[in-house]
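Dear colleague,

Please find the structure below, together with its sequence.

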Amino acid sequence: MPTKYFVFLLFLFWGILSYGQVKIGDNVSTIDEASILELESTTKVLVLTRITNTQMLSLNPLPGGMVYNTDTNCVYSYNGTNWVNLCNSSSGTFSFVDNNDGTFTINNNDGTSYTSSDLTGPQGEKGEQGEQGPAGADGVNSGAELEQIVIVAYNKQTQFNTPLPFDDSRKIEVYRNGVRIDFTTIDTNTIELESDVTCFQNDSIRIVQIL
């Protein structure tokens with residue numbers, strides 16, 4: 001290659017790097033002045049890193065990191081402390097549904113659910129299904145009661161105490177940085193995270209117990 005062409009390409013490449021803006025896709029000659037990177041296409045999409053829930057929880061990226069969780073089929077963003085499920089604006093929460101048959105269903109933000117008849121109070125003599133409230137002569141159900149605790153984990157911690165002693169592990173839900181995870185029972189007041197999950201320093205562990 002002639003020297004003059006090499007020098008020209010070198011200066012061109014240096015100019016692109018120093019300008020600090022990149023556009024990929026359609027209309028590459030135009031880019032907004034506030035953009036450092038733009039993607040524009042009507043026929044192609046951006047595909048985020050695709051990893052499992054376990055793989056995601058093993059990462060500790062910079063705030064703003066994003067992945068596609070193949071277990072929950074949702075996009076997550078890391079806020080510097082927790083992975084936030086972008087499929088649900090109320091990440092890390094759950095809702096109750098009265099099934100009107102004596103049972104309640106807890107719907108978690110990660111798509112899992114738990115149904116139990118133990119969430120209702122005793123029926124009155126009439127046996128009628130009513131609104132949530134204290135048990136009485138009209139047979140209305142008592143409201144579901146919960147206890148929960150948030151623990152700031154230390155590095156490599158795997159065991160945690162539940163808010164209260166329990167006799168049914170199905171009434172315990174455990175969340176690490178807003179993502180539900182599995183666990184095993186050590187005793188009536190202690191649980192251990194699944195074998196492939198280990199906490200990092202300052203991870204947030206939320207334990208929800210249905211009474």
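**Salt bridges in the predicted model**

Lys23 and Glu38 form a salt bridge, with their closest N and O atoms 3.6 Å apart. Lys23 lies in strand β1 (residues 22–25) and Glu38 in strand β2 (residues 37–40), so this pair ties together parts that are 15 residues apart in sequence. A salt bridge here is a side-chain nitrogen of Lys or Arg within 4 Å of a carboxyl oxygen of Asp or Glu; by this rule the count comes to five. Strands (E, at least two residues) are DSSP runs, numbered from the N terminus.

This is a predicted model, in which local features need pLDDT of at least 70, side-chain atom pairs count only at pLDDT 80 or more, and totals for chains, interfaces and linings use all residues. Residues are numbered from 1 along each chain as its sequence is written, and side-chain values use heavy atoms, with hydrogens and water left out.

Lys23 is buried, with a relative accessible area of 13%, and Glu38 is buried at 18%. Buried means under 20% relative accessible area, exposed over 50%, and partly exposed in between (1.4 Å probe, protein chains only).

Asp203 and Arg176 also meet through their side chains in a salt bridge (2.7 Å, N to O). Asp203 lies in the loop between β15 (190–193) and β16 (204–210), and Arg176 in strand β12 (residues 172–176), so the pair ties together parts that are 27 residues apart in sequence. Both Asp203 and Arg176 are buried. Salt bridges that share partners join Lys23, Glu38 and Glu40 into one network.

Yours sincerely

Definitions and conventions. Helix = DSSP H or I, 4+ residues; strand = E, 2+ residues; numbered from the N terminus.
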